[in-house]
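Have the model open beside the text as you read.

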Amino acid sequence: MLWLMTDRILVVDDEPAVTDLLAYNLRKAHYDVIVAGDGHEALRLAREASPDLILLDLMIPEVDGLDVCRELRKTSGVPIIMITARGEEIDRVVGLELGADDYVTKPFSVRELMARIKAVLRRGQATDKESVSSTVLSGPGGLQMNVEAYTVSIKDVPINLTRLEFDLLFHLLSNAGRVLTRERLLEQAWGYDFVGDTRAVDSAIKRLRAKLRTSSSEADAIEAVRGVGYRFSKLKL
């Protein structure tokens, strides 16, 4: 069955019962699975095995999940889904701020987790980006998005975005002047109906805006519409 496997998933958890359950279901769905039991091993495998997605438990030995996420985000945009306990709300918020794409809480539904994994992995494959009239979208401050090449630059200087940040910018930029609700952004960029609060959107937008401002304050034309969502303002063009 190896020929059917396409995406590689790194599962990081120090509980064998959890890793066994996840590995069994992921392999059954024809994913290539590698497992790490602590933070040091997770960082090593992330570098050496180049996974397409990481399932990351926050409460792991050696280096905790938040520090693993922080370290990975220095050089990698690999999608990260955090696995947390129900009482770790603060850690979930911090994890999202550090660059995690999503989270699930223990005890979790395997079916729900599998749906989220599929949605995240679909990001970067064929999407409604194919329907845009141009493969290059432009914004203020020298912002250029090449949809086909999956690159973003400001004044010809490349900007390193995660897949999620790229998709958020795409949807905002291609709908410039229109307000997109958090729920719509979740549906378009995450690819499924998010269960729970919408702070994942706010955290991802915050990271995206910070990256745009680092290169050009004018490039950050993303505006928050209180109580609704966000829009990319045409007025700054």
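Does Leu164 count as buried or exposed, and what is its relative accessibility? At 0% relative accessibility, Leu164 counts as buried, where buried means under 20% relative accessible area, exposed over 50%, and partly exposed in between, with a 1.4 Å probe and protein chains only. This residue is found in helix 6 (residues 163–174). The C-alpha atoms of Leu164 and Ala100 are separated by 9.5 Å, although the two residues are 64 apart along the chain.

A word on the ground rules. The model is predicted, so local features need pLDDT of at least 70 and side-chain atom pairs count only at pLDDT 80 or more, while totals for chains, interfaces and linings use all residues. Residues are numbered from 1 along each chain as its sequence is written, and side-chain values use heavy atoms, with hydrogens and water left out.

**The chain as a whole**

The chain has 8 helices and 12 strands; these are DSSP runs numbered from the N terminus, helices being H or I with at least four residues and strands E with at least two. Of the 237 residues in the chain, 49% are buried. Contact here means heavy atoms within 4.5 Å. Among the contacts in the chain with a separation of 6 or more, 60% come from residues 24 or more positions apart.

**Helix 7 against helix 8**

Two packed helices are described by the angle between their axes and the distance between the axes. Helix 7 and helix 8 pack at an angle of about 75°, with their axes 9 Å apart. Axes are lines fitted to C-alpha atoms, for helices over the stretch in contact, and angles run from 0 to 180 degrees between N-to-C directions. That makes helix 7 roughly perpendicular to helix 8, a label for angles of 65 to 115 degrees. Helix 7 brings Arg182, Leu185, Leu186 and Trp190 to the contact, and helix 8 brings Ala200, Val201, Asp202 and Ala204.

Helix 8 itself has 17 residues and reaches 25 Å from its first C-alpha to its last, close to the 24 Å expected at 1.5 Å a residue; the expected span is 1.5 Å times one less than the number of residues. The buried residues of helix 8 include Ala200, Val201 and Ala204.

**Salt bridges**

A search of the whole structure finds 18 salt bridges, each being a side-chain nitrogen of Lys or Arg within 4 Å of a carboxyl oxygen of Asp or Glu.

| Asp102 | Arg116 | 2.8 Å |

Asp102 and Arg116 meet in a salt bridge. Asp102 lies in strand 5 (residues 102–106) and Arg116 in helix 5 (residues 110–122), so the pair ties together parts that are 14 residues apart in sequence. Asp102 is buried at 0% relative accessibility, and Arg116 is buried at 3%.

Asp202 is partly exposed at 27%, whereas Arg182 counts as buried at 16%.

Glu223 is partly exposed at 23%, and Arg231 is partly exposed at 30%. Elsewhere, salt bridges that share partners join Asp13, Glu15, Asp57 and Lys106 into one network.

Methods. Angles under 35 degrees count as roughly parallel, over 145 as roughly antiparallel, 65 to 115 as roughly perpendicular and the rest as oblique.
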